[in-house]
Amino acid sequence: MERRPYNVRQLACLHCKRIFLNASGLTQHRNAFHGRPLGHFLPAQQPQADQADVEHQPLPLDHSEAPTSLLAHSESEIYHDVHPLLNGRSCDKLGKYLVGTDVPPPPRTKRPRTDWSPYDSRLEFETADFLFQRVKMGQGNVNQLLELWAASLVQYNGCPPFASVKDMLGVIDATPLGDAPWVTRKAQYSGALPQNPPPWMTAQYEICFRNTLVCAHNMISNPDFAEEFDVAPYREYNRLLKRRYTNLMSGDWAWSQADIISDDPDTHGAMFCPMVLGSDKTMVSVATGQNDYYPLYMSWGNVWNNVRRAHRNAITVVAFLAIPKAEKRYAKDPTFRKFRRQLFHSSLATILQPLKQYMTKPEVVRCADSHFRRAIYGLGPYIADYMEQVLTTNTVQGWCVTCPTPRLSLGDFYEGPDLRCKEHTELLVKLVDLKNLWEGYGIVGDLIPFTNDFPRADICQLISGDLLHQIIKGCFKDHLVDWVNDYLKLTHGETKGNDIIAQIDRRIAAVPAFTGIRRFKQGRDFKQWTGDDSKALMKAYPVITESKHIKAVKEPWRRSNKYNALSQMLETNQRTDKLAAARVDFAARHMLEGTCLSEAVRSFLLAGALEEDDTMADFDAEVHAEGEGNGEGEGGKEPEWDYGDVVEGSQVLGDVSLAKQPCASTPIFINIYLLITFDTFALERNYPKSLKALGRHVKVPQLPLLASMFLYNQTHLEPLPDDSLCPPCPPLSTLDICGDFWLE
C-alpha cells in the first residue's frame with residue numbers, strides 16, 4: 001500500500017497552535033475563534049501645573065453636556081473621560097514619574113532569544129507543554145511514549161528530549177516564571193469545649209493558599225495583556241455623548257474608589273488595581289470519600305472582559321478553603337453554623353492580608369506593557385451564587401443580599417433604603433438584638449465579614465451575581481423555560497400544553513446549522529443541563545468561576561491517584577501556571593514563531609550554512625597561502641595541476657557518472673526563489689556535506705576551486721583574466737532561507 005509522507009509545509013495559529021495546510025484555513029480559524037472586539041486606548045494624562053489646586057467634580061449619570069476632558073477617538077466616535085488624579089502614569093523602578101508619554105519601557109529581560117532555560121531547546125518546552133497541559137497524558141503513558149521515541153532514534157545515536165516523566169516534571173518545576181508556592185495552614189475550633197465535644201470541635205481543618213500579592217504580580221506583569229488592560233478608571237461615551245459601560249474600570253464604582261484614594265496626595269498618578277474574587281463549592285465525584293472542594297479565585301480587574309472570558313490566565317485559583325462537616329444531628333447546631341461561617345471569613349482575611357499594606361500606599365510594579373507604575377490595590381467585586389452570597393454577606397437565607405426588603409415582600413415596593421451598606425448594618429448591630437436582626441432585617445449579627453479588615457471594602461457593594469447559576473441556568477433554565485411550560489399547561493390544559501411544548505421542541509430541532517449555534521436534535525427536553533447547554537440553547541430559544549472549575553479543580557482531580565488528591569491537585573495547578581507563564585515569556589521574546597518543526601528545519605539549514613562558511617574560509621586561507629594574490633603559484637609560477645592521463649575522445653564541458661542503481665532526488669524549496677537539489681548519496685549518513693570535505697572524500701582536493709571556476713564561467717559572459725584570482729563559491733548563508741519552506 002502506498003503511503004503518503006509527512007507534510008512538512010505547515011501553518012500554525014499563533015494563539016492555539018493548531019496546524020493548517022493552507023492560508024485560507026488559517027484565516028477562517030482565526031476569524032471564528034480568535035476574533036476580538038474593538039478595544040480602546042487610554043493614554044495616561046500628565047498633570048497640569050495647577051492640577052493640584054483644582055478639585056475634580058464628578059459627572060452626573062445622565063450626562064446632558066459633553067465633559068471638557070474627553071479624549072476623542074474619531075475613527076470609532078467613542079470618547080473617554082479618564083480620572084484626572086489616579087491616571088496610571090508610568091514611572092521608573094524607583095517610583096519616579098517619567099516626563100512625557102512617549103518614553104519607551106525598559107527591556108523586560110536581558111536573556112537572549114536562544115535562552116530556553118530551564119529547558120534545553122524549544123523541542124523540550126513544546127513536548128512538556130503538549131504532554132502535560134494540552135493532552136494531559138498519564139505518567140505511565142509518557143514513559144511509554146519516550147521509550148518509543150528513543151527506539152526510533154537508536155540508529156541515529158539520538159535520544160528523546162526527556163529521560164522519563166520524572167525528568168520532565170522536574171524541569172517544569174524548575175521554571176521560575178509564574179511561581180506562587182502553596183502554603184497549608186490548619187484551623188480548629190477555639191471556643192469552650194463541652195464534656196463530650198462533638199467530633200467537629202476537635203477536628204483540624206486545612207486551608208491551602210498562595211501569596212495573593214505574588215499572584216497579583218504575576219497577572220499584572222503578564223505581557224499577554226499588554227494591549228488589553230486599563231491603567232485608570234474612565235467614563236465612555238458614544239458619538240451622542242451617551243454613557244456606555246464596557247469593562248470594570250468604566251463603571252461608577254471604580255471612579256468612586258479612585259476619588260476616595262486620591263484624597264491622599266501621595267497616591268496621585270498611581271494605578272488603581274481592584275482584585276475580583278469568586279468562590280463556589282464544586283463536586284468532582286459522587287463516589288465515596290471527600291470529593292467536594294472549595295476553591296477561591298482571584299482576577300485582576302483592569303484586564304478587559306474579553307481577556308477574562310477567553311481563559312487566558314487572567315483568573316487564578318489562590319486558595320482551597322476548608323469545608324467543615326458534622327454529623328447530621330449537629331448540622332443545624334447554632335454553634336457549628338457560626339463556626340463554619342466564621343472560619344470562612346477568617347480564612348479570607350488571612351489569605352488577602354499580603355495585599356493590605358499596598359491598599360493605602362502605592363507599590364511599584366511592572367505592568368503588562370513593560371512600564372513601571374505605582375499600584376494601589378483594592379478588593380473588587382465578589383462573584384458568587386446565592387448560597388455563597390448569603391455566606392459572604394452574613395445574610396439570612398431567603399433574604400435579598402443587596403437590599404433590606406423583607407423576604408416575604410421581595411416583589412412589593414419597599415419604601416426603606418434601596419441598598420444595604422456597611423454603615424447601616426453596623427448601626428443596626430449596635431442598636432438591635434441578635435434575634436430581631438435575624439427576623440426583622442435578615443442580618444447575622446454575631447459575625448464580622450472579612451471585608452472589615454480592609455480599607456474601602458463594603459461587601460454589600462462588592463457582591464456580584466454569578467453569570468452561570470443566576471443568569472444562564474437560573475433565569476433562563478430554572479425560571480424562563482419552566483415558567484413558559486407551566487404557563488402553557490395552565491392556559492391550554494395538560495394535553496394541549498404538552499402538544500405545544502412538543503411543537504416548540506420540533507422547531508428547536510429544525511434550526512439549520514450555522515456558525516456559533518449548536519443544534520439540539522431532541523429539542524430542549526434533556527435531563528442534565530450544563531452551563532454550555534443553557535448558553536447554547538439560549539441562542540436557539542427566543543462564566544467565570546464555572547469555566548475555571550474544570551481547569552483548576554476537576555481536571556487536576558482526574559489526573560490524581562485519588563489518594564490525598566488535594567496535594568496532587570496543587571502541584572498540577574502550579575505546573576500549569578509555570579508552563580503558561582513560560583509560554584507567554586517565550587512568545588514575548590519572539591521565540592515561538594512558526595512551528596517547532598519549521599524552526600528545526602530552519603536551524604538545520606543555518607547550521608549547514610555556517611559549516612559552508614567555515615569551509616570556504618579555510619579554502620580562502622589555503623589559496624592565499626599558496627599564492628601572493630596574483631593568481632600564480634610558488635615563486636610567481638602558474639600552479640601545476642595533476643589531471644592524470646589524458647583520454648583521447650570528444651571534448652565535453654562536463655561529465656557525470658550516474659549511480660548504477662536508480663535513486664530519487666529530494667528537492668528542498670526555500671521560499672519560491674531557491675531550489676537546492678540534494679542527490680540521495682549526499683543525504684546519506686556520515687557523507688561529506690562541504691566541498692572541501694567532499695573533495696578529500698573523492699580524492700579531488702581541487703574540487704572547491706573547480707566549482708568556483710565553473711560557477712564563474714556559467715554566470716559571466718567574459719572569461720576570467722589570466723592574472724586574476726578566481727572568486728570562491730558563494731556561501732550558503734548569503735541565500736535567503738527565512739520564511740516558509742517545505743519538503744517535496
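Which residue of S14 is the bridge partner of Phe209? The legends below take up this point after an overview.

**View 1. Overall composition of the predicted model.** This is a predicted model in which local features need pLDDT of at least 70 and side-chain atom pairs count only at pLDDT 80 or more, whereas totals for chains, interfaces and linings use all residues. Residues are numbered from 1 along each chain as its sequence is written, and side-chain values use heavy atoms, with hydrogens and water left out. The secondary structure comes to 21 helices and 20 strands, where helices (H or I, at least four residues) and strands (E, at least two) are DSSP runs numbered from the N terminus. Of the 744 residues in the protein, 40% are buried, a term that stands for under 20% relative accessible area, with exposed meaning over 50% and partly exposed lying in between (1.4 Å probe, protein chains only). The protein exposes about 43,900 Å², of which carbon and sulfur atoms supply 54%; the areas come from the Shrake-Rupley method with a 1.4 Å probe, and for residues only the protein chains shown count as cover.

**View 2. Strand S7 and its pairing partners.** Five of the seven residues of strand S7 (residues 204-210) are buried, so this strand is largely enclosed by the rest of the structure. Strand S6 (residues 182-188) pairs with S7 in the antiparallel sense over seven bridges, pairing being assigned if DSSP finds at least two bridges between two strands. Within this pair, Thr184 has Cys208 of S7 as its bridge partner. S7 is also joined to strand S14 (residues 315-320), again antiparallel, by two bridges, and the bridge partner of Phe209 in S14 is Ala319.

**View 3. Asn306 in helix H8.** Asn306 belongs to helix H8 (residues 305-309) and is buried, with a relative accessible area of 13%. Its side chain makes a polar contact with the side chain of Glu228 at 3.2 Å; a polar contact is a pair of N or O atoms within 3.5 Å, of which, within protein, one must be able to donate a hydrogen and the other to accept it, and residues adjacent in sequence count only if both atoms are side-chain atoms.

**View 4. Lys136 between two helices.** Lys136 lies in the loop between helix H2 (122-134) and helix H3 (139-152), and at 30% relative accessibility counts as partly exposed. The side chain of Lys136 reaches the backbone oxygen of Gln133 at 2.8 Å.
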